[in-house]
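Here is a short tour to read alongside the model on your screen. Please keep the sequence and the 3D view open as you go.

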Amino acid sequence: MTQTQTPTPTFVCTICARGGSKGVPGKNIRMLMDKPLIAHSIAQARATGLFAAIAVSSDSDEILDTAREHGADLLIKRPDELASDTAGKLPAILHALTETETRLGVVVDYLIDLDATSPLRLPEDIQACADLLTETGASCVITGTPAHRSPYFNLVERAPDGTVHLSKQLSSPVLRRQDSPECYDMNASIYGWRRDVLRDDPKVFYPDTQLYVMPRNRSIDIDEEMDFAIVTMIMQQRQAK
């Protein structure tokens, strides 16, 4: 008797990179070690062997040209209304998904989005997120790292009258940080969705959203010059090893 094989799910990767960064001007194509910043994410996606296509979405022709030079499969010019300072990332991802499926002529099963400004992730992190999606059946997977501050112990909020209080409180006071519930900082490095869920109800937090935990030394998001310097130092240390 011939057994019916389960079809291999189709994954696509999106990398969304605007051209108008203010914290670090031109950061998405700024040289980091031996290649432009965005090229690190393209190379990591390629190294997984997971994706039917790696699509880069941008309002910048210069970013798209750089992505082409460094191996992106699809170049998607983002409409101006999806590239403003106030535009959210989810509409840009949905636009990239629509363009990708149209050009490939298929409906995909899963989408993985990589933040171009998080170059310290490893291909193994991307694969682990894909595995978490398929093995749990989750609607969405996000990545995070153990929080530097705990909302139950040493993260405070200021009230309108200037007084401060813990962001979250339990029925019994937490006297030691290690006794507080585990909390994580979203590092924005990798997001993964089931395609049907993302299309029907685009958001990040569903009842079954899963978390993949990454160490701090792979979780730095470049948002200012100091971040760029720290990431460069970590990459130099990796190279030296």
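The report below moves from strands to salt bridges, then to pockets and one histidine.

This is a predicted model, in which local features need pLDDT of at least 70, side-chain atom pairs count only at pLDDT 80 or more, and totals for chains, interfaces and linings use all residues. Residues are numbered from 1 along each chain as its sequence is written, and side-chain values use heavy atoms, with hydrogens and water left out.

Let us begin with strand 1 (11-16). Helices (H or I, at least four residues) and strands (E, at least two) are DSSP runs, numbered from the N terminus. Is strand 1 enclosed or open? Six of its six residues are buried, so strand 1 is largely enclosed by the rest of the structure. Buried here means under 20% relative accessible area, exposed means over 50%, and partly exposed is in between (1.4 Å probe, protein chains only). Phe11, Cys13 and Ile15 point one way from the strand, while Val12, Thr14 and Cys16 point the other way.

Strands count as paired if DSSP finds at least two bridges between them. Strand 1 pairs with strand 4 (residues 51-58) in the parallel sense over six bridges, and Thr14 stands opposite Ala55 in strand 4. Strand 1 also pairs with strand 6 in the parallel sense, again over six bridges, with Cys13 opposite Ile112 in strand 6.

Tyr110 stands opposite Arg194 in strand 10. Strand 10 is also joined to strand 7 (residues 140-146), by six bridges in the antiparallel sense, and there Gly144 faces Met186.

**Salt bridges**

How many salt bridges does a search of the whole structure find? The search finds 11 salt bridges, each being a side-chain nitrogen of Lys or Arg within 4 Å of a carboxyl oxygen of Asp or Glu. Among them are these:

| Pair | Closest N to O distance |
|---|---|
| Arg30 and Glu225 | 3.0 Å |
| Glu99 and Arg103 | 3.4 Å |

Arg30 is partly exposed at 30% relative accessibility, and Glu225 is partly exposed at 40%.

Glu99 and Arg103 both sit in helix 3 (residues 89-104), four residues apart, which is about one turn of the helix. Glu99 is partly exposed at 27% relative accessibility, and Arg103 is partly exposed at 43%.

Asp125 is buried at 1% relative accessibility, and Arg218 is buried at 18%.

**Pockets**

On a 1 Å grid over the protein atoms alone, a pocket is an open set of points where a 1.4 Å probe fits, with protein on both sides within 12 Å along at least five of seven lines; lining residues have an atom within 4 Å of a point. Grid points are joined across faces, edges and corners, and a volume is the space filled by probe spheres set on the points.

The largest pocket has a volume of about 450 Å³. Of its 23 lining residues, the closest to its centre are Cys16, Arg18, Lys27, Asp115 and Thr117. The lining divides into eight nonpolar, seven polar and eight charged residues; Ala, Val, Leu, Ile, Met, Phe, Trp, Tyr, Cys and Pro count as nonpolar, Asp, Glu, Lys and Arg as charged, and the others, Gly among them, as polar.

The second largest pocket has a volume of about 220 Å³. Its lining includes Met33, His40, Arg121 and Met235. Helix 6 supplies the largest share of that lining, three residues.

**A histidine in strand 9**

His165 lies in strand 9 (residues 164-166) and is partly exposed, with a relative accessible area of 35%. Leaving aside neighbours within four places in sequence, His165 is in contact with Leu155, Val156 and Glu157, contact meaning heavy atoms within 4.5 Å.
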